[in-house]
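Here is a short briefing on one protein chain. Look over the sequence and the model, then work through the points below.

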Amino acid sequence: MNVAESYVRLVLAVGKHDADYVDAYYGPSEWAEADSGSVSLAEIERRAHKLVDEVGDASTLDPRRKAYLLGQLRALVARVQMLRGTRLSFDAEAQALYDVTPPVNTEQHFQDAVSRLDGTLPGRGAVPERYVKYRHQFVIPPARVDAVFQAAITAGRERTTRHIPLPPNESFVVEYVTDKPWSGYNWYQGGYRSVIQVNTSLPIYIDRAVDLACHEGYPGHHVYNALLERTLVRERGWLEFTVYPLFSPQSLVAEGTANYGIALALPDAERNAFERDVLFPLAGLPPSRVDEYYAIQTLVRELSYAGNEAARRYLDGEIDAAGAIEWLERYALMAPTVARQRIRFFDTYRSYVINYNLGQDLVRAYVERTAGPSADRRWAVFSELLSSPMLPSSLSELHA
Ligand SMILES: [Zn+2]
């Protein structure tokens, strides 16, 4: 059995114990059928340690492939230990699973960002309540969600294909679902196909259309998975990429590229024009308010790490769910219903939250440092990143 097959079988075995673990698998079906349900966590851990040694000793393995497999396997061991009862702090877990050290921000940092918003946000009263009320004016009416979302997908796809030739016949379907801990999810099926689910339990604000379309679709998760399949699985035969373990360093690159890809596909000025000319009219919202709305969104983005801080304090046991909800309302400016959904996300995915904003910051720094200011070069570096085995720690070290 080669190392790729051993790795895939181990990931699938962990998936029998942890329903959220295997995000995608499109490799040989007999690898999924074997051993089903029969491998204990202790045995998986033993096999994983053995495989780490084997991969470490393999002298013929491509060095990037080897580093990647070792990084993924170390995270697999950490996840198995967590499933066996090991409790890690938020920071230790992020390091063990995602190969990064999350930054720490003080409460003062967020208070300052909220104060800056106070001067710009229309209305009176405390910023959190005022922002929730303000943003409520920009909800997409449910009957128009699909039309708006489809238009955003078309825009993301059109801009992506100008720079990245996609595999022929790549496609995805969109499904609308309810009662999930997330707002959107891409389920990659293999064969360049995805199912993208959008959670409609909570109101969908207009800015989420482009964000979700680019993040889940183009040039985000759908494109990332399709390029990995084409470049690594089909061209090189690296079958370890047919499985995607969610709680692993791969997720930082996946979420980071999916978020960075939003502004790469639609830079601010271009996005505002598209929102004004296409999406706001489709949603029945006033196009004259686009610039004002996105100026406020830019200030709100400075609060992006507030959610990580809530998660860290909550998961480390410093605050309870009520305290975390209060923090999210005050510093992440979430409506109470959104904050409660976010606690479900923390309970399910834990330190995974850092993959979105820290991932985005690391990917942006890597792409911009490597490519310089040229948009074409940035797309080229981004596309290369979407087609490579890359560990988060290498993202911050490499100067390609
Ligand atoms: Zn994502």
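Which residues does leucine 239 touch, not counting residues up to four places away in sequence? Leucine 239 touches Ala4, Val8, Trp31, Arg65 and Val233; contact here means heavy atoms within 4.5 Å.

This is a predicted model, in which local features need pLDDT of at least 70 and side-chain atom pairs count only at pLDDT 80 or more, while totals for chains, interfaces and linings use all residues. Residues are numbered from 1 along each chain as its sequence is written, and side-chain values use heavy atoms, with hydrogens and water left out.

**Leucine 239**

- Leucine 239 sits in the loop between helix H10 (221-235) and strand S5 (243-245). Helices (H or I, at least four residues) and strands (E, at least two) are DSSP runs, numbered from the N terminus.
- Its relative accessibility is 28%, so leucine 239 counts as partly exposed. The classes are buried under 20% relative accessible area, exposed over 50%, and partly exposed in between (1.4 Å probe, protein chains only).
- Arginine 340 is 101 residues from leucine 239 along the chain, and their C-alpha atoms are separated by 39 Å.

**Histidine 215**

- Histidine 215 belongs to helix H9 (residues 207-217).
- Histidine 215 counts as buried because its relative accessibility is 7%.
- The histidine 215 side chain makes a polar contact with the side chain of glutamate 255, at 2.9 Å. A polar contact is a pair of N or O atoms within 3.5 Å; within protein, one must be able to donate a hydrogen and the other to accept it, and residues adjacent in sequence count only if both atoms are side-chain atoms.
- Leaving aside neighbours within four places in sequence, histidine 215 is in contact with Gly220, His221, Glu255, Ala258, Asn259, Ile262 and Tyr356.

**Helix packing**

- Two packed helices are described by the angle between their axes and the distance between the axes. Axes are lines fitted to C-alpha atoms, for helices over the stretch in contact, and angles run from 0 to 180 degrees between N-to-C directions.
- Helix H8 (residues 145-161) and H9 have axes that come within 8 Å and cross at roughly 50 degrees. H8 and H9 are therefore oblique to each other. Angles under 35 degrees count as roughly parallel, over 145 as roughly antiparallel, 65 to 115 as roughly perpendicular and the rest as oblique.
- The H8 and H9 crossing is right-handed. A crossing is right-handed if the near helix is turned clockwise from the far one by less than a right angle, and left-handed if anticlockwise.
- H8 contributes Val148, Phe149, Ala152, Ile153 and Gly156 to this contact, and H9 contributes Ala209, Val210, Leu212, Ala213 and Cys214. By class, the H8 and H9 contact has 9 nonpolar, 1 polar and no charged residues. Ala, Val, Leu, Ile, Met, Phe, Trp, Tyr, Cys and Pro count as nonpolar, Asp, Glu, Lys and Arg as charged, and the others, Gly among them, as polar.
- For H9 and helix H12 (residues 268-283), the axes come within 11 Å and cross at roughly 115 degrees. H9 and H12 are therefore roughly perpendicular to each other.
- The contact joins Asp207, Ala209, Val210 and Asp211 of H9 to Arg271, Phe274, Glu275 and Leu279 of H12. These residues of H9 and H12 divide into 4 nonpolar, no polar and 4 charged.
- Helix H15 (residues 321-331) packs with helix H16 (residues 336-349) at about 125 degrees, with axes 9 Å apart. H15 and H16 are therefore oblique to each other.

**Helix H18**

- The buried residues of H18 (residues 375-385) are Trp379, Val381, Phe382, Ser383 and Leu385.
- Their cover includes H8, H10, helix H11 (249-265), helix H17 (354-371) and helix H19 (392-397).
- Serine 374 caps the N-terminal end of H18, with a side-chain oxygen 3.3 Å from the backbone nitrogen of aspartate 376.

**Backbone notes**

- Most residues other than glycine have a negative phi, and most peptide bonds are trans.
- Tyrosine 218 and proline 219 are joined by a cis peptide bond, with omega about 5 degrees. Proline 219 is in the loop between H9 and H10.
- Aspartate 179 has a positive phi near 60 degrees. Aspartate 179 is exposed, with a relative accessible area of 54%.
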